[in-house]
Amino acid sequence: MYLEKLTLTNFKNYEQVAVSFNPKINCILGLNGAGKTNLLDAIYYLTFTKSAINSIDSQNIRHSENMSALVGSFIGEEELMVSCGLRTKQKKIFKVNKVELDKMSDHIGAMPLVMISPDDTGIIKEGSDARRKFVDGTLCQINKAYLNNLMQYNHQLKQRNNLLKNWPHGKPPDKDLFAAYDDQLCKLSKMIYQVRLNFMESYKPFFLAHYEDISSHKESVDLIYQSGVSIENYEKLFKENLQKDMLLQRTTMGVHRDDFILRMDDFLMKKIGSQGQQKSMVIAMKLSQFDYLKSKTGKTPLLLMDDIFDKLDDLRIEKLIKLINGEEFGQVFITDARPDRSQMLLEKYSMTANSYLVDKGQVTAI
Amino acid sequence: MEYPSSLIEEAVNQISRLPGIGKKTALRLALHLLKQDELETTSLTAALAKLRKDTRYCSTCHVISHTTDCTCKTIKTDLSTICVVEDTPDVMAIQNTGQYHGMFHVLGGVISPIDGIGPDDVHIDTLVKRISASNGEIKEVILAISPTMEGDTTAFYITKKLKGLSVKISTIARGIPIGGELEYTDEVTLGRSIISRRDYHQD
C-alpha cells in the first residue's frame with residue numbers, strides 16, 4: 001500500500017496544499033522550520049488517528065483558524081480514502097471511504113507505518129517506560145487482545161495504587177480487597193508477559209541483523225527482555241510484596257516494571273554508546289519493527305524517516321540508502337535540511353525518487 | 001446567555017444541574033412551568049420535597065421504599081436466593097424479566113478507589129451478615145453486577161468475603177443479546193460467549 005495523494009487544509013503551518021507522491025521514494029527538502037516534519041506528521045496522523053508530536057488535537061490546527069482537514073488517498077489491494085476533520089472544541093471526525101469511524105482504535109494497524117525521528121534516541125536514553133511504549137506500540141498495531149489486556153492492566157493498577165496511596169495510616173490492609181486486585185493483575189501480567197516474550201523471539205533476530213548491517217559488524221549488541229513475571233512463584237511474591245507496596249504507596253511488582261535492556265559489548269548502550277551508535281541502534285530497532293510488522297500483517301508498512309542522516313557517518317548513510325532502495329521496502333519518505341546531500345545520494349544510487357521543496361507552507365515538486 | 005429576569009436565571013441554573021439537562025432544556029422547562037397553572041408547579045415541588053424527605057432505604061436489602069422494612073420477605077418471594085445488584089434500577093430491570101422470584105441486595109455502588117469508593121462505602125458488610133444470620137436458609141447468591149472492571153473487582157471481593165459460608169455463588173451470563181447479530185457483536189463479548197458456551201441437549 002502507498003500514499004498516492006495528500007491534501008491538507010489548515011494543518012499546522014500549511015494553509016492549503018495538495019501533493020502527489022511517488023510509490024517508492026520521496027525526498028522532502030527544505031530549511032529548518034519550513035514544515036518538512038509537519039508533512040510527515042500528517043501522514044502519521046492518517047494512520048494512527050493522532051499526531052506523533054503533539055497529542056492535543058486542537059493545537060494541530062493552523063494558528064488563528066478553527067478547523068483543519070487532512071485527506072489521503074492510499075492505493076493498495078483496495079483504494080482507501082482516509083480523511084480527518086479537526087475543529088476547535090469539538091470531537092475529531094475520522095472517515096475511511098466516507099464512512100465515519102466509531103472507534104479510533106479500529107483504524108490503528110489497518111495501515112502499518114514506521115516512523116524514525118530524531119527524538120527516538122529517547123528509547124535508549126530514557127527510562128524503561130520509553131522502551132515499553134515502543135514495544136507496546138508495535139504489538140498494539142497487530143494484536144487487539146493485547147491492547148485490551150494492557151488497558152485493563154493499567155486501569156486496575158491505577159485503582160490499586162490509589163488504594164495504596166489513600167489507605168488510612170496504621171490501619172491493617174484489607175487482605176481480601178487487595179487479593180481482588182492482585183489476582184486480576186497477576187492473571188493479566190502473565191498474558192502480557194507471554195505476548196512480550198513471543199514478540200522478543202521473532203523481533204530480536206531482525207534487530208541483531210539490522211544492527212550488524214548498519215554498523216558493518218563493528219560492535220556487537222544485544223537486547224534482553226527483563227520481567228519480574230519470569231521468576232518462580234511470581235504470584236506468591238506479588239502478594240508478599242504488599243507490606244513494601246503499602247510503605248512506598250505504589251505497586252512494586254508487575255509488567256509495568258518490565259524493561260528491554262540494550263547492550264553494546266556487554267555494557268549498557270545508554271552509558272557507553274556514542275551519539276552515532278545510539279542513532280544507529282534506534283534505526284536498527286525501527287527497521288526491525290518494520291520487518292516485524294511486515295511478517296505479522298503481510299502488508300508492507302510505510303516508512304517515514306525524519307532527519308535521518310544527521311549524526312551518521314557516510315558509511316552508515318550509504319548502507320541505509322542501499323537498504324531502503326531494496327525490494328523489501330515499500331513507500332519511503334525522507335526529510336533532509338540539506339538538499340545537496342540528498343540529491344547527490346539519489347544520483348549516486350540512481351534511485352527512482354520524487355523530490356519536493358518545502359518553503360513557507362508551500363510544497364513544490366523538483 | 002442573557003435571561004429576562006434573575007428569577008428565571010436561578011431556576012435555569014438549578015434545573016440544569018440535573019443529569020442529561022442542559023441550559024436550553026432547563027430554560028424551556030422553566031418557561032413551560034410559568035405558562036401552566038401555578039398549582040402544577042407547587043404540586044411538583046411538593047412531590048420533590050416529599051420524595052427527598054420521606055424516602056427510606058430498606059435496612060435489610062437497601063432497596064428504596066417508604067419504610068425501613070420493605071416487602072423483601074413476603075411469602076411470595078423465594079427466601080433461598082439473593083440477587084446482588086449495583087443499584088435500584090437494576091432491581092426493577094430484573095423484576096421485569098419475570099424470571100426471578102428471590103430476594104435482592106442493593107450495593108449502592110461498586111468499589112473504585114480512584115473515585116474514592118472503598119468497600120466500606122458499599123453495602124457488602126450487611127450482605128455478609130445477612131447470609132451468615134440466615135443459618136443456611138439462603139442457599140445461593142447470584143451476582144448481577146455490570147460487567148465492567150470495577151464490577152468484576154467488586155464481585156471478586158464479595159466472593160472472597162463469602163468464603164467459609166456454605167452458600168453457592170453464581171454470576172449472570174455474559175454474551176450476545178437475544179435477536180442480536182453475531183457479526184456486529186464486539187470481539188470481547190463474542191470471545192467470552194465462546195469460552196462460556198453451553199452444551200446442547202439432544203433429547
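Reply: Domain bounds come from an automatic or database domain assignment. Here chain A is divided into domain 1 (1-111 + 300-366) and domain 2 (118-298). This is a predicted model, in which local features need pLDDT of at least 70, side-chain atom pairs count only at pLDDT 80 or more, and totals for chains, interfaces and linings use all residues. Residues are numbered from 1 along each chain as its sequence is written, chains are lettered from A and ligands numbered from 1 in the order in which they are written, and side-chain values use heavy atoms, with hydrogens and water left out.

Me: How many residues of domain 1 of chain A are in contact with domain 2 of chain A?

Reply: Contact means heavy atoms within 4.5 Å. In chain A, 23 residues of domain 1 are in contact with 23 residues of domain 2.

Me: What area do the two domains of chain A bury between them?

Reply: The size of an interface is often given as the accessible area lost when the parts come together. Buried area is found with a 1.4 Å probe and summed over both parts. Domain 1 and domain 2 of chain A bury about 2000 Å² between them, with 62% of it on carbon and sulfur atoms.

Me: How many salt bridges does the rule find across this interface?

Reply: A salt bridge requires a side-chain nitrogen of Lys or Arg within 4 Å of a carboxyl oxygen of Asp or Glu. The rule finds 2 salt bridges across the interface of domain 1 and domain 2 of chain A. Separately, a salt bridge joins the side chains of Arg316(A) and Glu219(A) (3.2 Å, N to O).
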